[in-house]
Number of protein chains: 2
Amino acid sequence: MDVMLDTEGKETSATHGAYRRLRDMILTGELPPGQKLKIEQLRGLLDTGASPVREALSLLTSDMLVERIDQRGFRAAPVSKCNFEEILLLRCNLEETALRASIANADRAWEDRLVLRHHHMKKASLKSAPDFEDAHKAFHMALLENAKLPLLLRYCSQLYDLNIRYRYLAAGGPSYKKRDIAAEHQQILDAALDHDADSATQHLLNHYRRTGEYLSSQMES
Amino acid sequence: MDVMLDTEGKETSATHGAYRRLRDMILTGELPPGQKLKIEQLRGLLDTGASPVREALSLLTSDMLVERIDQRGFRAAPVSKCNFEEILLLRCNLEETALRASIANADRAWEDRLVLRHHHMKKASLKSAPDFEDAHKAFHMALLENAKLPLLLRYCSQLYDLNIRYRYLAAGGPSYKKRDIAAEHQQILDAALDHDADSATQHLLNHYRRTGEYLSSQMES
DNA sequence: ATGTCAAATAATATCGATATTTTTGGAGGG
DNA sequence: CCCTCCAAAAATATCGATATTATTTGACAT
């Protein structure tokens, strides 16, 4: 029925495509917190069938970006200061564990990956904001990935996304860049390359807590 | 089409019903790790449509009980000693955080709930194994729920389920009862009621690590 | 005998349509 | 004037069917 037009050659399954697009829309606030997510409406927005949309929403439910209400459909997850503070707390806890384990397993290949990702991130900061966001997450996940704890990494990734959502909502975009975030990243990188777990975690957590305070300060509800 | 026979009056939506049943089957090992989960086959087993089955599998994916492979369908998540040890590690980390926060918020109502759940669990241990399992989880979650950190509680619940799966797989059922698990629960309860966070976490983690060692010892792959 | 390619088969992913449930809107009674 | 109840409308949940994609089987050439 649909002619497979691979002109863009990006996504494989319609479900996965819908998942990615919806996730982006919720993270960036294009679909605001608490908004009712009607299948028909989304079906139009993503021009795909109802089944992929439904399945994408189901998947987003487990990422805690979408809530399911009885048999009354779905809505974008609400936000609250409480929720934000819990995310911050868990992130600090889990990322410390992951980073320490990552450094404990440190080897040359990992260090190379780190340097590479950091370089990509610096390059991307000159380009578009979405590119920087992707590279930024890639760098942070690279810091943790050497722990070789897939479940932990998954949780960290989820919490990262939940956190970034608050950044978008608070600033309508990455306006937090005013702080010298590049220096903070450099400190974390250097400490990790030195295998100095204490210093690296200290810098990492300060990095998170500082953005946390900034965002927390401009939240009302 | 389907006559709504609420004779059992249990489940509301077909999707949720399928989710619960599949989850149980995977946790208990009725659907063994790594097994291909074909839609048609499950559709027959649960006698429902393909859509609810698909959606249930999607949900189980995020509970890490089911894996999705490209566009080649689903399979029950594999198991490994590595995976088990990660679950144990994360559980110890997260439950310690949750229990300490729970105790910090301690109030009379919570203590009452704890005592009640503990009582229910003791009563249920005389009845059927599934009843005990439910009560056992309810008790453990009650220990943590007063932290009032919903995300954390959710992770703990997920990890609890992943862990219980290994228990079923190792013993074909709760044969681990040989150890005096009742005494361990009593110690945890008493410490929690005393608001002694250090003692409570110590007992809780020992509780987990002891079962962990037992299970780890009889795992080959 | 073996490796490769192509047709047949099976299973998934997706669509369109239907039945069920929830919500809305309005009429009648208190 | 407000509350309750019933009918109409909308939206969801589910089903059956189709098209797409992966897997297997068998034939042919090497």
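How do the axes of helix α4 and helix α7 of chain A cross? This is a predicted model, in which local features need pLDDT of at least 70 and side-chain atom pairs count only at pLDDT 80 or more, while totals for chains, interfaces and linings use all residues. Residues are numbered from 1 along each chain as its sequence is written, and chains are lettered from A and ligands numbered from 1 in the order in which they are written.

Select residues 81-104 and 150-171 of chain A, which are α4 and α7 (helices are DSSP runs of H or I, at least four residues, numbered from the N terminus). Their axes come within 9 Å and cross at roughly 145°, where axes are lines fitted to C-alpha atoms over the stretch in contact and angles run from 0 to 180 degrees between N-to-C directions.

Next, show the side chains where the helices meet, including A:Phe84, A:Ile87 and A:Leu90 of α4(A) and A:Leu152, A:Leu153 and A:Tyr155 of α7(A); contact requires C-beta atoms, placed from the backbone, within 7 Å. The residues of this contact divide into twelve nonpolar, two polar and two charged.

Move on to DNA strand D, which 23 residues surround, the closest being A:Gly73, B:Ser13, B:Ala14, B:Thr15 and B:Gly49 (near means a C-beta atom, placed from the backbone, within 6 Å). The largest share of this surface, three residues, comes from α3(B).

Finally, superpose chain B on chain A by a turn of 180° and a shift of 0.1 Å along the axis, for an RMSD of 0.0 Å, using C-alpha atoms of residues with pLDDT of at least 70 in both. The two copies are thus related as by a two-fold rotation axis, and in chain B the C-alpha nearest that axis, 2.8 Å away, belongs to B:Ser62.

Technical notes
Helix = DSSP H or I, 4+ residues; strand = E, 2+ residues; numbered from the N terminus. Contact = placed C-beta atoms within 7 Å. Nonpolar A, V, L, I, M, F, W, Y, C, P; charged D, E, K, R; others polar.
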